[in-house]
Each structure stands twice: as structure tokens, then as C-alpha cells.
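Q: I'd like to learn how to read the inside of a protein model. Can you walk me through it?

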Amino acid sequence: MRASSHSVLAGALAALLTACASLSGGAGDGGLYRSLGGQAGVEALVDDLLVEIVEDDRINRYFVDTDIVRFREKLIEQICAESGGPCVYTGEPMGPVHAGRGIDEAAFNALVEDLIAAMDNNDIPVTAQNRLLRRLAPMHADIVEQP
């Protein structure tokens with residue numbers, strides 16, 4: 001039942017991503033960063049997300065040629081910064097990084113499901129999960145290629 005509820009939640013979230021983008025607040029709320037467990041919590045979340053990605057045959061092919069050490073570092077920076085933590089994201093903009101990779105809605109939804117699973121694995125409260133997802137939602141337009 002848990003996997004199916006995650007699929008439903010991820011599907012609903014993906015459908016609302018564009019709408020939520022306009023509601024996304026700034027990254028200045030350190031409360032979300034604290035709800036994620038601070039730096040140690042963000043690092044644990046990213047590590048669990050990477051495991052989810054590797055085990056997910058729906059999307060792991062997109063990461064075959066990825067420098068995982070750099071990817072981990074930049075994803076930690078990004079989630080830390082987006083959640084109001086003290087980090088500055090120094091990675092590339094999402095559009096150029098994802099351009100031409102053929103990422104569709106199904107792949108994007110799969111990553112959202114994996115992120116939710118990683119947050120659940122780290123006992124991140126649903127309210128904090130929703131706040132983080134809302135902050136990440138504007139990236140949808142830069143990641144998913146339109147048919």
C-alpha cells in the first residue's frame with residue numbers, strides 16, 4: 001500500500017508542479033533547513049536519494065555517465081540553499097544541464113517518487129516534504145522536455 005500511495009502522491013505532485021511554481025517562496029526560511037535536519041540531514045537525504053535513483057530502473061539510465069561525487073556535492077548545495085540553509089548553489093543552471101537528455105514527465109515523476117521515498121526514509125515530516133517539493137517545483141520547466 002505504501003508504494004501505491006507514493007505513486008499517487010508523486011503523480012498528483014507532478015501534475016501540480018507548474019501551478020505550485022508560482023507559489024514558491026524564497027529560500028530564506030531556515031525553518032525548512034532545520035526540519036530537514038540541517039547539513040547532516042540534507043547529506044543523509046541526498047545519499048538516500050542517490051540509492052533510490054540507482055535502484056530505479058525507470059531513471060537510472062539518465063545517470064550512467066554522471067560524475068556521482070560532483071552530482072552529490074551540487075545536489076547537497078542545491079537542497080541546502082533551497083531549504084534556507086547557509087549553502088550557495090554553485091552548480092550549472094537546470095536548463096542547460098538537462099537540455100537534450102530526453103527527460104519526460106514519466107522520468108520526472110519517477111525522480112519525485114524517489115525523493116519522497118528518501119524523505120520518508122529520513123523521517124522528514126510531510127509538511128517539510130511539501131515545502132521542499134514546492135521550492136523545487138519551478139525547476140520542472142527546465143528539466144522536462146516538451147514533446
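This is a predicted model: local features need pLDDT of at least 70, side-chain atom pairs count only at pLDDT 80 or more; totals for chains, interfaces and linings use all residues.

A: Residues are numbered from 1 along each chain as its sequence is written, and side-chain values use heavy atoms, leaving out hydrogens and water.

Q: Which residues touch the most other members of the largest nonpolar core?

A: Such a core joins buried (under 20% relative accessible area, 1.4 Å probe, protein chains only) Ala, Val, Leu, Ile, Met, Phe, Trp, Tyr and Cys through side-chain atoms within 4.5 Å. Here there are 34 residues, and V42, L45, I79, M119 and L132 touch the most other members. The largest share, 8 residues, comes from α6, a helix (a DSSP run of H or I, at least four residues, numbered from the N terminus).

Q: How do I read an aromatic pair?

A: You give the distance of the centres and the angle of the planes. Rings of Phe, Tyr and Trp (its six-membered ring) pair with centres within 6.5 Å; planes under 30 degrees apart are stacked, over 60 edge-to-face, the rest tilted. The count is 1: F63 and F71 have centres 5.5 Å apart and planes at 55°, so the pair is tilted.

Q: And which residues are the closest to the centre of the largest pocket?

A: Rolling a water-sized probe over the atoms shows where empty space is left. A pocket is an open set of points on a 1 Å grid over the protein atoms alone, where a 1.4 Å probe fits, with protein on both sides within 12 Å along at least five of seven lines; lining residues have an atom within 4 Å of a point. Of the 33 lining residues, F71, L75, M94, H98 and L111 are the closest to the centre, and α4 gives the most, with 6 residues.

Terms used:
Buried means under 20% relative accessible area, exposed over 50%, partly exposed in between (1.4 Å probe, protein chains only). Helices (H or I, at least four residues) and strands (E, at least two) are DSSP runs, numbered from the N terminus.
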